[in-house]
Amino acid sequence: MRGDELKTMSNFIPKNVRSIKKNLSVPELIEIAIKNGEGVLTSKGSLCVRTGKFTGRSPNDRFIVYDDISKDTVDWGKINLPLPEENYKIIKSKALAYMQNKDILEFSGCVGSDPDYQFNVRVFCEYAFSALFSKFLFINSENKITKNSFTMFVLPGFSVDPETDKTNSDAAIILNLKEKTIIISGSMYCGEIKKAIFTCMNYFLPEKEVLPMHCSANIGKNNDVALFFGLSGTGKTTLSNDPERRLIGDDEHGWSENGIFNFEGGCYAKCINLSRENEPIIYNSIKFGSLLENVILTKDRTPDYTDSSITENTRAAYPMKAVSIAHDKLYGPHPKCIVFLTADAFGVMPPVAKLSPQDARDYFLCGYTSKLAGTERGIIEPQATFSYCFGAPFMPRKPIEYASLLERKIKEQNVRIYLLNTGWIGGSFGIGKRIDIKTTRRIVKHIIEGTIENSKFIKDKYFGLTIPEYLEGIPAEILNPINSWENKDEYAKKALELAKKIESQIKKHKE
Ligand SMILES: Nc1ncnc2c1ncn2[C@@H]1O[C@H](COP(=O)(O)OP(=O)(O)O)[C@@H](O)[C@H]1O
Ligand SMILES: C=C(OP(=O)(O)O)C(=O)O
């Protein structure tokens, strides 16, 4: 490393703190968390914490400090609020001052399992549970500090001042792309930690021709990789945890010329209504030493996953090694099939459709789906949204950049692509019902095994989608959604309205 780079990095080492304890073990971190009153131990030996008023991501409090290049490349929509460098500098000095005389827990590891596209991560935490989360979600291999290092300060107790700091509240999640530094102030929600680093990866990787993806990935016996793209709550974790396949990762991946690779080293699963019967793999992954967030415990400290009294967005964080079906590597070859998960709150989309590479690019650009309750603050019921790349809040570049990379890779690797509706059927939210997981899983099996290709396909009249006429084990009336609506005129009206919106979204991003 060059001397001047080292100098820049050393500016980021917090000074005058009382102590920095680095890379403590899981029991050590849990012991500190309990001693400091951050959480309690469950009957199974997991640490259970409450995160106060921040039980989900806070999109209005996310800021990006741009560098010279990002000024042109970043999509400055509402979701990427620009923060001038002057304000950032003041906030950073206040954050460093806040850490004075505190005992800080450091996690040092990396993100990205492909050594060619790996970044080091150093996380300085005020709370032991944030360090535990970082230990589970990032990769535990310590490398030298290089230019490719992100430094993050997780300081939930530090408040910014909306008036002088030009933030929207006393919480702020600030990503400085130039310094590769992240400051999390005000929020205890662990999801901010992983999604902040994800956003940085999504900024830096496309210039290396690597497509960053908000998707889960699993691999079959024949080394066939399947990817599931989707916004939070649409089924990435649920559907990739398939007992017949091995899990590579459940949320964030890259696609390079070498194949696909997980960014993370663990999972952050939703656990509302989690049961051993319905989701045994996720259920059994939560064991001694895992981290539970906002889960209610019974008197004997057993998790009650049915209780949403704090939030719908209850979570469990655990390392990949806790997952019985984990693949032995965090990477795999180029995918054979890709599934775009959409949770259609209007109930007009077919449960499954086949997409050409061009259709895939277009649907990726429009990202029609729903925000489901909990993950974002303020969302209490499904809300239809257009989230390009099925993860707009985390994709700082212009959407067309990601979409063109995807289209190119799909064509090069001859990948099969499908749109899968894990949302409502037979009517919109409130009238129809969410398609049941068993049916969705059966459709996924047809996709992965390729049996869907034996079906006769028809073009639907409203979206121009290519849908199968028959799939073994799936009730025929749900495959073409109009058949499951009682009021056909109402269906036609709603479907046409949505088709128009989709078209205009695609056009907007192509311009
Ligand atoms: N048909 C369905 N397909 C997938 N998930 C479903 C379906 N119906 C209900 N769900 C529920 O929706 C949630 C999906 O969450 P999850 O898999 O964690 O999403 P993600 O990983 O994309 O954030 C789970 O709680 C799951 O039980
Ligand atoms: C943690 C999040 O999402 P996911 O459910 O996709 O993990 C998030 O969006 O904050």
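**View 1. The shell around ligand 2 in a predicted model.** The residues of this shell divide into one nonpolar, three polar and three charged; here Ala, Val, Leu, Ile, Met, Phe, Trp, Tyr, Cys and Pro count as nonpolar, Asp, Glu, Lys and Arg as charged, and the others, Gly among them, as polar. Arg57, Gly191, Lys195, Ser232, Asp251, Tyr268 and Thr375 are the residues around ligand 2, a residue being near a molecule if its C-beta atom, placed from the backbone, lies within 6 Å of it. Domain 1 (3-47 + 56-208) and domain 2 (212-265 + 329-510) each supply at least three residues to the shell around ligand 2; domain bounds come from an automatic or database domain assignment. Because the model is predicted, local features need pLDDT of at least 70 and side-chain atom pairs count only at pLDDT 80 or more, whereas totals for chains, interfaces and linings use all residues. Residues are numbered from 1 along each chain as its sequence is written, and chains are lettered from A and ligands numbered from 1 in the order in which they are written.

**View 2. The shell around ligand 1.** Ligand 1 is surrounded by 17 residues, of which Gly235, Lys236, Thr237, Thr238 and Thr440 are the closest. Elements giving two or more residues to this shell are α8 (236-240), β17 (266-270) and α12 (437-449); helices (H or I, at least four residues) and strands (E, at least two) are DSSP runs, numbered from the N terminus. The largest contribution, four residues, is that of α8. By class, the shell around ligand 1 holds five nonpolar, nine polar and three charged residues. At least three residues come from each of domain 2 (212-265 + 329-510) and domain 3 (267-322).

**View 3. The contact between domain 1 and domain 2.** The C-alpha centres of these two domains lie 31 Å apart. In contact are 29 residues of domain 1 and 27 residues of domain 2, with contact defined as C-beta atoms, placed from the backbone, within 7 Å. On the side of domain 1 that touches domain 2, helix α7 (residues 191-204) gives the most, with seven residues. That side comprises 14 nonpolar, nine polar and six charged residues.

**View 4. The nonpolar cores.** A nonpolar core is a set of buried Ala, Val, Leu, Ile, Met, Phe, Trp, Tyr and Cys residues joined through C-beta atoms within 7 Å, where buried requires 20 or more other C-beta atoms within 10 Å of the residue's own. The largest has 141 residues, and Leu132, Ile174, Ile184, Leu227 and Val339 have the most contacts inside it.

Technical notes
Two residues are in contact if their C-beta atoms, placed from the backbone, lie within 7 Å. A residue is buried if 20 or more other C-beta atoms lie within 10 Å of its own, exposed if 12 or fewer, and partly exposed in between; C-beta atoms are placed from the backbone.
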